[in-house]
Amino acid sequence: MLRALPMELLPIVEALLFSTQEPLSVADMCRAVKETAKDIVESGEADDSVKALGETTEEQVNAAIAQLIEHYDKDGRSFTLVERSTGWRLCAKGDFAEWCRALFP
């Protein structure tokens, strides 16, 4: 069973995915979260939620991705998360392909 997700993990994973145009692996996201949490803890500015992020697992990142996909679908967003061979990335849904192609004639 998964440990409860720290409240901050969802928006952090979302921000990581928005910050790159390349697919991002779960391992890379997990490493980024843990390393940043460690740096904050070492600076002496960490609260308990940041300390918990230092223990983030790949299972938790996968759970966050699943929750984000569900959230985007429920909200009727024009984008979703898609897993590619090298990782996850935000992509426009197929319903909007015609509109997006207009950017690349």
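Q: What makes Lys-93 and Asp-73 a salt bridge?
A: Their side chains meet at 3.2 Å, N to O. A salt bridge needs a side-chain nitrogen of Lys or Arg within 4 Å of a carboxyl oxygen of Asp or Glu. So the pair qualifies.

Q: Which parts does the pair of Lys-93 and Asp-73 tie together?
A: Lys-93 lies in the loop between β2 (87–92) and α5 (97–101), and Asp-73 in helix α4, so the pair links parts that are 20 residues apart in sequence. Helices (H or I, at least four residues) and strands (E, at least two) are DSSP runs, numbered from the N terminus.

Q: What kind of model is this, and how are residues numbered?
A: This is a predicted model: local features need pLDDT of at least 70, side-chain atom pairs count only at pLDDT 80 or more, and totals for chains, interfaces and linings use all residues. Residues are numbered from 1 along each chain as its sequence is written, and side-chain values use heavy atoms, with hydrogens and water left out.

Q: Why is Asp-73 called partly exposed?
A: Its relative accessible area is 42%. Buried means under 20%, exposed over 50%, and partly exposed in between (1.4 Å probe, protein chains only). Asp-73 therefore falls in the middle class.

Q: How many salt bridges does the structure hold?
A: It holds 5. One of them joins Glu-70 and Lys-74, with the closest N and O atoms 3.4 Å apart. Both residues lie in helix α4 (residues 58–74), 4 residues apart, about one turn of the helix.

Q: Which class does each of Glu-70 and Lys-74 fall into?
A: Glu-70 is partly exposed, at 45%. Lys-74 is exposed, at 67%.

Q: What makes Glu-42 and Lys-38 a salt bridge?
A: Their side chains meet at 3.9 Å, N to O. That is within the 4 Å limit, so the pair counts. The two are 4 residues apart in helix α2 (residues 26–42), which separates them by about one helical turn. Glu-42 and Lys-38 are both exposed.

Q: Why is the pair of Phe-18 and Phe-79 called edge-to-face?
A: The ring centres are 6.2 Å apart and the planes stand at 75 degrees. Rings of Phe, Tyr and Trp (its six-membered ring) pair if their centres lie within 6.5 Å; planes under 30 degrees apart count as stacked, over 60 as edge-to-face and the rest as tilted. Phe-18 lies in helix α1 (residues 9–18) and Phe-79 in strand β1 (residues 79–84), so the pair ties together parts that are 61 residues apart in sequence.

Q: Which residues form one aromatic cluster?
A: Phe-18, Tyr-72 and Phe-79 do.

Q: How do you know whether Val-26 is buried or exposed?
A: Its relative accessibility is 11%, so Val-26 counts as buried. Val-26 is found in helix α2. Its contacts (heavy atoms within 4.5 Å) include Val-61, Ile-65 and Trp-88.

Q: What makes a set of residues a nonpolar core?
A: Its members are buried Ala, Val, Leu, Ile, Met, Phe, Trp, Tyr and Cys residues joined through side-chain atoms within 4.5 Å. The largest such core here has 22 residues. Those with the most contacts inside it include Leu-17, Met-29 and Trp-88. Helix α4 supplies the largest share, 6 residues.

Definitions and conventions:
Lists of a residue's contacts leave out its neighbours within four places in sequence.
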